[in-house]
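Trainee: Could we go through the structure together, starting with how its helices pack?

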Amino acid sequence: MSYDKELTAARKAASLAASLCQKVQKALLQSDVQWKSDRTPVTVADYGSQAIVSFVLERELSDEPLSLVAEEDTGDLCKDSGKDTLQRITKLVNETIANDGSYGACTLSPEDVLRAIDSGRSEGGSFGRHWVLDPIDGTKGFVRGDQYAVALALLHNGKAVLGVLACPNLPLASIAGNAPSEYAVGCLFYAQVGSGTFMQSLDGSSPVKVHVSDIGNSEDASFFEPFEKAHSMQELTSAIARKLGVKAPPVRIDSQAKYGALSRGDGEMYFRFPRKGYREKIWDHAAGCIVVTEAGGVVIDAAGRPLDFSKGEHLDSDTGIIATNRKLMPSILKAVRESLEEKPSSC
Ligand SMILES: Nc1ncnc2c1ncn2[C@@H]1O[C@H](COP(=O)(O)O)[C@@H](OP(=O)(O)O)[C@H]1O
Ligand SMILES: [Mg+2]
Ligand SMILES: [Mg+2]
Ligand SMILES: [Mg+2]
């Protein structure tokens, strides 16, 4: 089955949302950053990006009802204290749509923006088609001026069938070994089931097909992990790396840009071991997962099972998530199993 039409819409939606985010990141005011009840940050760009993606998908795929599972909701924007923020978001969204030019003189009211953001309340599930959106994955990286990604995937009967990652701050050249890059930044990765993974610049250079690294000896391999210490147990990942004889230091960057970098072979492994009690969300992995698997990689949980996106907004991965190539997977799983057995249970 082809998802070409949906992929074209998704690439446009993610690119337009990324242009809104780039504009905000350049002039980010402290007042643009709020803290949600779960003590994680959200900015006008997270909301604006979600509104843009929802608007574009509705317009480009108007022949089917939109089912969107997305991270943000309008709870805080509907309060009196959210009025100014909503105005700011509405202005950003309308400027972004006007700059794009392909939707004529269309302008959204604040109520339209609230509706667009709240179209992301679908539960998803194992039947039918559901879009999955993280409007800014890596908000902490975004606020810090580092890596972040607009991550959009389509699930069909619980399986990711396409994924797009817009990574505005990711260099077009390899970031292997944290290489400082004087190259242009801004990558768009996209993949459709059975058709491989492609990368182009955000300003639309011709796409190149990408493939994960072919390195089969873990001593020659390097790994990505979250920048935020709170998001993954670095003591555990360094124990795993030691067991594998990895010499290179970890490359720590925010967001699913890690999946993008891995899909083009900048590194060979991505380890993510959240602390006990944390439940992963599907929007943090659906797009990155298919970008890596269509590039010839594998994405599994610590028990070696593929990620299951069919159970609503949560991923019930076992302990941690690993992305790598087929050659390295067996030795990684062995090192993970041994390291988990040796890990003090307090972590
Ligand atoms: N304690 C925790 N453990 C693991 N992941 C967490 C976490 N707290 C937040 N996250 C998730 O980590 C994501 C960022 O991934 P990374 O750590 O690879 O940059 C965040 O996405 P958002 O920034 O979209 O909220 C958030 O969903
Ligand atoms: Mg968040
Ligand atoms: Mg996220
Ligand atoms: Mg997010």
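Mentor: This is a predicted model, in which local features need pLDDT of at least 70, side-chain atom pairs count only at pLDDT 80 or more, and totals for chains, interfaces and linings use all residues. Residues are numbered from 1 along each chain as its sequence is written.

Trainee: At what angle do the axes of α6 and α9 cross?

Mentor: Helices are DSSP runs (H or I, at least four residues), numbered from the N terminus. Axes are lines fitted to C-alpha atoms over the stretch in contact, with angles from 0 to 180 degrees between N-to-C directions. The axes of α6 (residues 234-244) and α9 (residues 329-342) come within 9 Å, crossing at roughly 130°.

Trainee: Which term describes how α6 and α9 lie to each other?

Mentor: Angles under 35 degrees count as roughly parallel, over 145 as roughly antiparallel, 65 to 115 as roughly perpendicular and the rest as oblique. The axes cross at roughly 130°. α6 and α9 are therefore oblique.

Trainee: Which protein donors does the magnesium ion (ligand 3) have?

Mentor: Donors are N, O and S atoms within 2.8 Å of the metal (3.2 Å for Na, K and Ca); water is not among the atoms, so sites may look incomplete. Along the chain, the donors of ligand 3 show the spacing D-x2-D-x146-D. At 1.9 to 2.0 Å from the magnesium ion, they are Asp134 (OD), Asp137 (OD) and Asp284 (OD).

Trainee: Is Asp137 buried or exposed?

Mentor: Buried means under 20% relative accessible area, exposed over 50%, and partly exposed in between (1.4 Å probe, protein chains only). Asp137 has 8% relative accessibility, so Asp137 counts as buried.

Note on methods. Chains are lettered from A and ligands numbered from 1 in the order in which they are written. Side-chain values use heavy atoms; hydrogens and water are left out. Helices (H or I, at least four residues) and strands (E, at least two) are DSSP runs, numbered from the N terminus.
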